[in-house]
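Me: I would like to learn how to read a few features of a structure, one at a time. Please give the general idea, then the case at hand.

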Amino acid sequence: MCVDLAYPVQEEKSPGTYIGDIAADSQLLNSVSSQDHNLITFNQLSQKETSQLFNISKSGKLFTSQKLDAESLCSYSTECSRTIKVAVKQAETFIKILKIKVTIEDVNDHQPEFPVKQIKLLFDESHGKGTAKSIPNAVDQDVGIMNSKISYRLKKHDNEPFRLSVSKKVDGTSKLRISLDEKLDRESKDSYFLQLVAEDGGFPSQHGILNIEVSVIDVNDNPPIFSKDIYNVSIKNTHHRASPVTVLSATDLDSGDNGKIIYHFSSKTSEIVKNSFQLNNVTGEIFFLNVFPVTQTRKYKLFVEATDRGSPPLSSIVLLLVNVINQQNRAPEIDVNFVSALKKNTAAISERIKVGSFIAYVSVIDNDVGLNGEVTCDLKSDKFQLLKISSKEYKVLMKNTVDRETESNYNISIICHDKGSPALKTARKFSIQVMDVNDVQPKFTKDTFKFLTYENEKSNFPVGFINATDLDLGNGGQLTYFIIDNNNMFPFQITDYGFISTIRSLDRERRDIYKFRVLVKDNGTPSLNSTANVVVEVMDENDNAPYFTFPSVNPFSLDVHYHPQSKNDITTLRASDRDSRENAFLKYEMLDRKNHQLFTVNPYTGVLSFARKVYQNDAGSYNLLLVVKDSGSPVLSATTTLSLTLTVSNRTSPMLTAAHIQSSDMIDINLVIIIVVTAVVISIAIVVIITICIVRCNRRRTMLHTAAMNPAMQPGREKCLMISQSNNPFAITQNPEEGVHHSTPSMRSRRDFCPEQELPVEWTTLTTPKSIPASTQFYHCQPEKPLIFEKQLCQETNAKQ
């Protein structure tokens, strides 16, 4: 229906509540002059339903005439409204009929209500998942769509196996069902209490509650259960027949007849046993019927079945062991069961086993009665412990960690004794073998290995051997060596056994020392490794000939002007050698013998000088053939020619005569005589000093022999003194002419005479046909220094004496 105006009004408002102004809202007064507004009147046409609900004034004001109730005026869950027809007149003239729609707004003043406050549901134990029971739904008297809209939720504990399912019926109401999430067990819980909450959609919302009690109906689904899996009973052979041997006890969680139990012997029980025992089928008591001789001991095995009275009946069987024993006291018996057994009386454990790990199960058998059957066991070990499980059951556990490398086998003894009088004991001995795991890291014998090798050798030339140890067994003790060389910088290779060799020829002049690291790892899982440092020094060979640096060209021209006041030195020859030590110790010579009378060259300094006085007739040109040699083996050399042009000053003596030559020769002879005499005197002095030192050392040796038992003596120091006095005190050189060289020490230190005071020498070489170059034994000193050193050494010896 088409309406002109629409107004809302809430229900339950008091009579006379203002709803709206029809005159203003319809805008009819706009078409009439203001002087005629009072002529416009509004009248409600008589209607059966609305005339008693609303009231309209002449001026067009709309009011309620009574309290409105949407629930009584309208149907459920629909819009509640009424249409009013209003006649508009100007004076007596009819203008228009207005249709006014008044919507009565519902107020959420009713809560959802269930037809009952509480219901009871019954579920059977046999009902499975998804089994459902219907429950009533709730009704809300409100007519508003949201106020009458009901939602449901099931209030329960988290572990309760129920679920609410909601579906719609044809009439729009809800169909409610309680279903099972899983099968129920009456023996676990026989009743549940749930709450179904119905809540409307109004604001504020209102709710109603339905209490639900769920009861679980018993089904015979539980067999009788004995209190023990095995009954082990020991009785004396004098046991009184009126006293039960034992009482079997079984329980059934079912109720009613499903939980009532009767006992009987199983068909597996032999007839001999049935004739020896009597079973009460209600109480479960078992009585012994026979009487045995005092010394007889027997064991009986009984199978007893407990059956309930359900339909169908359920049953279970238990084993009863009855030991009929005599009164004699017997020693306990020990039975050991290993978790991991290698052989009889030998168990195996891993080296990595943790403290508290289970190793063996120990059971003790002693069927004696009273104190004779009470047993105590003990195990004494710092690695293992014996813990009690029950009166005659024990377990062997790890007490402390083990290390196979320290101890690989343990001999264990368990001693058990009863409390009889006299007490009897039994000892059970067994061994535990520790199995190896890879837990030891390989270790080199030294942190740094030092080797000497030669240059210019072929590939695969041996350098040295390194060694590492690993106490593990099997793959954990198998070692493999590697050279850590990420950039292929080192010309060495190493075998799996630690043997180092070259992969190409070495050149000391390019590199004389190699330092690298070596890795060793075992083949265990996981693999362990270690590293060490290796230093290889390349020893020099005389493979580089010396060469002249001055003169730098061959031949070389040199102009020399002699003046009587000039020095005898002309120039200094210079040469170099890329080798080291004695291979680079150079000597200079002049090969042209005819020029020896005028020129000479110092073999060590290379100074070229005049050998005699220069005269005017010596002026001229000379070709001097010079050679430089090293001291290696073989000796290498280089030659050069010096073209020397000599000019002489006019102040120089005119010419060389025979008298001059004779005078010069006489001077040379005198000089030789002086040198020889001096050498003889020095030699005699040295011999005298050595003789004195030897005599004193012999006397000291005699004193040491006499006082051999005196702990205050110092044989090590005396030995040092004897060696130092008995050895040659002179500085040793390869050649008497080798007087000066920058690469040799000035004289021997005291360590040369006392080798036992030196630090351990770390350098090693392989045993090869080659020997260490003699340069390590070359020394140089001034002639006076050895004498002074020997004198001081003897003075020290005298002072200590």
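Reply: Start with burial: buried means under 20% relative accessible area, exposed over 50%, and partly exposed in between, with a 1.4 Å probe and protein chains only. This is a predicted model, where local features need pLDDT of at least 70 and side-chain atom pairs count only at pLDDT 80 or more, while totals for chains, interfaces and linings use all residues. Residues are numbered from 1 along each chain as its sequence is written, and side-chain values use heavy atoms, with hydrogens and water left out.

Me: Is Arg404 buried or exposed?

Reply: Arg404 has a relative accessible area of 11%, so the residue is buried. Glu405, at 19%, also counts as buried.

Me: What do Arg404 and Glu405 form?

Reply: Side chains of opposite charge can pair when their charged atoms come close. A salt bridge is a side-chain nitrogen of Lys or Arg within 4 Å of a carboxyl oxygen of Asp or Glu. Arg404 and Glu405 form one, with the closest N and O atoms 3.2 Å apart.

Me: How many salt bridges does a search of the whole structure find?

Reply: The search finds 10 salt bridges. One of them joins Asp618 to Arg612 at 3.0 Å, N to O, and both of these residues are buried. Another is between Glu160 and Lys189, at 3.6 Å between the closest N and O atoms. That pair links distant parts of the chain, 29 residues apart: Glu160 is in the loop between strand E10 (150-155) and strand E11 (162-168), and Lys189 in the loop between strand E12 (174-180) and strand E13 (191-200). Here helices (H or I, at least four residues) and strands (E, at least two) are DSSP runs, numbered from the N terminus. Glu160 is buried at 4% relative accessibility, whereas Lys189 is partly exposed at 37%.

Me: In what order do the four strands of the open sheet run?

Reply: Strands of a sheet pair through backbone hydrogen bonds, either parallel or antiparallel. Two strands count as paired if DSSP finds at least two bridges between them. The order in this open sheet is E8-E14-E13-E10, with mixed pairing. Strand E8 (118-124) and E10 are at the edges with a single partner strand each, so one side of each has no neighbour in the sheet. On average, neighbouring strands are turned by 25° against each other, direction ignored; axes are lines fitted to C-alpha atoms, for helices over the stretch in contact, and angles run from 0 to 180 degrees between N-to-C directions. E13 pairs with strand E14 (residues 207-217) in the antiparallel sense over nine bridges.

Me: Which residues is Ser174 in contact with, leaving aside its neighbours within four places in sequence?

Reply: Contact means heavy atoms within 4.5 Å. For Ser174 the list includes Asn137, Tyr152 and Val166. Ser174 lies in strand E12 and is buried at 7% relative accessible area.

Me: How many aromatic pairs does the structure hold?

Reply: Rings of Phe, Tyr and Trp (its six-membered ring) pair if their centres lie within 6.5 Å; planes under 30 degrees apart count as stacked, over 60 as edge-to-face and the rest as tilted. The structure holds 22 such pairs. In one of them, Phe444 and Tyr481 have ring centres 6.3 Å apart and planes at 55°, so the pair is tilted. Phe444 is in strand E33 (residues 443-444) and Tyr481 in strand E37 (residues 479-484), 37 residues apart. Phe444 is buried at 7%, and Tyr481 is buried at 5%. Phe444 and Tyr481 form one aromatic cluster with Phe449 and Phe451.
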